[in-house]
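Student: I'd like to walk through this protein with you. Can we take it piece by piece?

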Amino acid sequence: MTYADQVVLACRVHPMAPDAGVAEAVAVRGDRIEAVGSRAQARAWIGPGTTVTDHGSGVITPGLVDAHSHPVLGLRMTAGADLTGVTSPDELRSALATAAAATPSGAWIQAWGLKPDAWPAPGPHRSWLDAIVGDRPALVRFFDGHAVVASTRALELAGTAGLADVLGPGLVGRDAQGLTGVVREPAGLAHLDAVIAPADVADEAARLHALLAAMAATGLTTVHALDLEGDALAVLAAAEARGRLPVRLLLSPWCGPDLDVDGWRALVDLQRRSGERWAVRGVKLFLDGTIDHGTAWLSRPDRWGQSDVSLWPDRERYAAALAFFDRHGVATATHAIGDASVGCALDVIGDLRRAGSTLVHRIEHIETAPDHLLPRFAEVGAAACMQPTHCTRYVAADGSDNWSARLPEHQARQAWRTRDLRDLGAIVALGSDWPIAHYDPRQVMADAQERRPAELPDAAPVGPEQRLTARMALEGYTTHAAAADGLAAELGVLAPGARADLTVFAADPLELPPGELLTCPVLATYVGGVPTHRHADLPH
Ligand SMILES: [Zn+2]
């Protein structure tokens, strides 16, 4: 071969390609990988114009891919006070009082990341919020992004009362006193977001750049954003005008049940939009909401008599939408948390496959699923996209949390069945779903191996039989994440022709105990051969 533009060396390289052994060097030409081999082989690749970077004792893996995240929508979802560390009503009261004091009068008081268990009994209601914020508009977002509690003034400003009948009690909570202030799911939340002061595109672009730089520092090189709402295209253009994005973004706009064929066609047209490091890819559909808020679709109602309907009232319409996108070469991602949703998505994807489809359609979350559904993922070629830290960070092994308490025990025990799906031959792509959980892939990969917070060795695991091996966890962020997006030859692998996206760890993620993987430094990340992160203190 002719000399490479760039050669990157390390103690060990895990190409993650079929039949590829361990290597020590990667040759790059332009933004693509030209060869992977030993240090001895690399000598022949190095000419007078070749840039050589030796990461010494570092270990190179394919650039990590977060299969499900919300880096753009999350800019809005994380407006205001961060409640992710709040665990009790007292802490919540004081955090909201602080947020209210810090918010200029007239502006919306906002907070995000709340765990349902932190709200005082008998459960979320605007009266408790009003007692803290008075006659001011306030919005408290739950951690899962699928529900909020709005203050009385916020409901008035948004005209929620007038919409309550249209949206129904599943989306706008009501009790004997009227509206409870709880509003759920995209259709319910959209009307509240519409009245909150529009975000500043330049400000969001700056925040997006900073967020992606922080993500690159944890080893991420591609993030699949399961949203493209509001001003997202303008924010992306403004962010790229500030400089190259530190992480590649794939973005999937939402297809709600209210869209007609013209709406579907517009989503197909959107697939042409791209920038240097971002591209619209795929469409996201919500078959259900979340178990925590009673909006999942289970085969039987939960213990509160909820979570027994789909957000798509007409199954045939959902099937028609998937068939339309499939026909136009657009892969879909279906949010399906409850077992009825998962079964419905598998049925529809199976019909497409039998009709000759070759696209990989994805099913997101799969929080509870019975035995009989699991083999069908591999049979119909549907990719499972799962978030292990939703399990390890929000569900307790003793069943004392809100998620477990709502489910019949047998369903709570069928939680996040990552290992069963892998053992049955399914594609299992992993993701963080940031800001629902932290974006750090080391945390997700470590927790996936332990089924508990990896930094807490004494915590009881949730479903320990679902532990992934270190290799399966890394595959979830490399080969399987790429396969779930139909990009197996491009991303998540170090092989000739693939994008030169690399993650360089200080130690081997396939050998580290998960508790040490959490804090293992990322020496460098490369996107298309260009460094997007370099560790400040360590040699690289
Ligand atoms: Zn999500």
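Student: Let's start with Q271: which residues does Q271 touch, not counting residues up to four places away in sequence?

Tutor: First, this is a predicted model, so local features need pLDDT of at least 70 and side-chain atom pairs count only at pLDDT 80 or more, while totals for chains, interfaces and linings use all residues. Residues are numbered from 1 along each chain as its sequence is written, and side-chain values use heavy atoms, with hydrogens and water left out. Taking contact as heavy atoms within 4.5 Å, Q271 touches P253, V280, R281, G282, V283 and V330.

Student: Where does Q271 lie, and how far apart in space are Q271 and P253?

Tutor: Helices (H or I, at least four residues) and strands (E, at least two) are DSSP runs, numbered from the N terminus. Q271 lies in the loop between α10 (261–270) and β15 (278–280). Along the sequence, Q271 and P253 are 18 residues apart, and in space their C-alpha atoms are separated by 9.2 Å.

Student: Which residue's backbone oxygen lies 3.2 Å from a polar atom of the side chain of Q271?

Tutor: Think of polar contacts here: a pair of N or O atoms within 3.5 Å, where within protein one must be able to donate a hydrogen and the other to accept it, and residues adjacent in sequence count only if both atoms are side-chain atoms. The side chain of Q271 has a polar atom 3.2 Å from the backbone oxygen of L267.

Student: Zooming out, how is the protein divided into domains?

Tutor: The bounds come from an automatic or database domain assignment. That gives domain 1 (6–62 + 498–534), domain 2 (66–72 + 199–484) and domain 3 (80–195).

Student: How much area is buried between domain 1 and domain 2?

Tutor: Their centres, taken over C-alpha atoms, are 28 Å apart, and 24 residues of domain 1 are in contact with 25 residues of domain 2. Buried area is the accessible area (1.4 Å probe) that two parts lose on being put together, summed over both. Carbon and sulfur atoms give 66% of it here, and the total is about 2000 Å².

Student: Which side chains meet in a salt bridge at 2.8 Å?

Tutor: A salt bridge needs a side-chain nitrogen of Lys or Arg within 4 Å of a carboxyl oxygen of Asp or Glu. The rule finds one across the interface of domain 1 and domain 2. At 2.8 Å, N to O, the salt-bridged side chains are those of R248 and D501.

Student: Which element gives the largest share of the side of domain 1 that touches domain 2?

Tutor: Five residue pairs (both at pLDDT 80 or more) are in polar contact across this interface. On the domain 1 side, β5 (59–62), β21 (502–505), α21 (514–517), β22 (522–527) and β23 (530–534) each supply at least two residues. The largest share, four residues, comes from β22.

Student: What are the protein donors of the zinc ion?

Tutor: Donors are N, O and S atoms within 2.8 Å of the metal (3.2 Å for Na, K and Ca); water is not among the atoms, so sites may look incomplete. The donors follow the spacing H-x1-H-x362-D along the chain. Lying 2.1 to 2.2 Å from the zinc ion, they are H68 (NE2), H70 (NE2) and D433 (OD).

Student: What is omega for the cis peptide bond that joins W434 and P435?

Tutor: Most residues other than glycine have a negative phi, and most peptide bonds are trans. P435 sits in the loop between β20 (428–430) and α18 (441–450). The bond joining W434 and P435 is cis, with omega about 10°.
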